[in-house]
Amino acid sequence: MADDIPYPSPPVAQDGARRPRRRWARGVDRPEYLQPGDLDRMMVMFVALMGEVAALRDRLDSHEALTDAGVSLSTAAVEAYAPDEERWAAREATRQAMLKRVLRAITQEREAALDGDKPEIENVDHAG
């Protein structure tokens, strides 16, 4: 019964040798996974994840500050920790650097559109 199913024959070159099959779709055969509304939802999820990463970085910074001060680490100690102005400014600088790195493709494209230039996405280091 399985012999009744028509399978496409493997691609064959003019010399009779088998050619490897394409492993990905190209051109009009390429599947589309996202619809326009899906992109908006993905952006909302992406920004929410960036907020979660920023919150985790702040919490890690609180742990580091408490450890440097010799305070016993506990959930209550971390929750009660209030950074000084210098540490707060450092956290804000770290957040701004992350936003710049993560959103660089969007901001560069927008700036290029405002200038009337073709956008060129530059590489940004991942430090920070």
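Predicted model: local features only at pLDDT ≥ 70, side-chain atom pairs only at ≥ 80, totals over all residues.
1. Let me start with aspartate 58, which is buried at a relative accessible area of 18%.

2. Where does aspartate 58 sit? Look in helix H1, which runs over residues 36–68. If you set aside the neighbours within four places in sequence, aspartate 58 is in contact with Arg91 and Arg95.

3. Of those two arginines, take arginine 95 to begin with. Its side chain meets that of aspartate 58 in a salt bridge, 2.7 Å from N to O.

4. Is arginine 95 buried or exposed? Arginine 95 counts as buried, because its relative accessibility is 18% and buried means under 20%. Aspartate 58, its partner in the salt bridge, is likewise listed at 18%.

5. Now move along helix H1 to aspartate 61. The side chains of aspartate 61 and arginine 87 meet in a salt bridge of 2.5 Å, N to O. Here again the pair links distant parts of the chain, with aspartate 61 in helix H1 and arginine 87 in helix H3, 26 residues apart.

6. The burial labels for this pair are worth a look. Aspartate 61 has 14% relative accessibility and so counts as buried. Arginine 87, at 24%, counts as partly exposed, because that label covers values between 20% and 50%.

7. Which arginine also meets the side chain of aspartate 61 in a salt bridge at 2.7 Å, N to O? That would be arginine 91. This pair too links distant parts of the chain: aspartate 61 is in helix H1, arginine 91 is in helix H3, and they are 30 residues apart.

8. Arginine 91 is buried, since its relative accessible area is 8%. Recall that arginine 91 is also on the contact list of aspartate 58, while its salt bridge described above is with aspartate 61.

9. One more thing on how these bridges join up. Salt bridges with shared partners connect Asp58, Glu92 and Arg95 into one network.

Methods. Residues numbered from 1 in each chain as written. Heavy atoms only, no water. Helix = DSSP H or I, 4+ residues; strand = E, 2+ residues; numbered from the N terminus. Buried < 20%, exposed > 50% of the residue type's maximum accessible area, 1.4 Å probe, protein only. Contact = heavy atoms within 4.5 Å. Salt bridge = Lys/Arg side-chain N within 4 Å of Asp/Glu carboxyl O.
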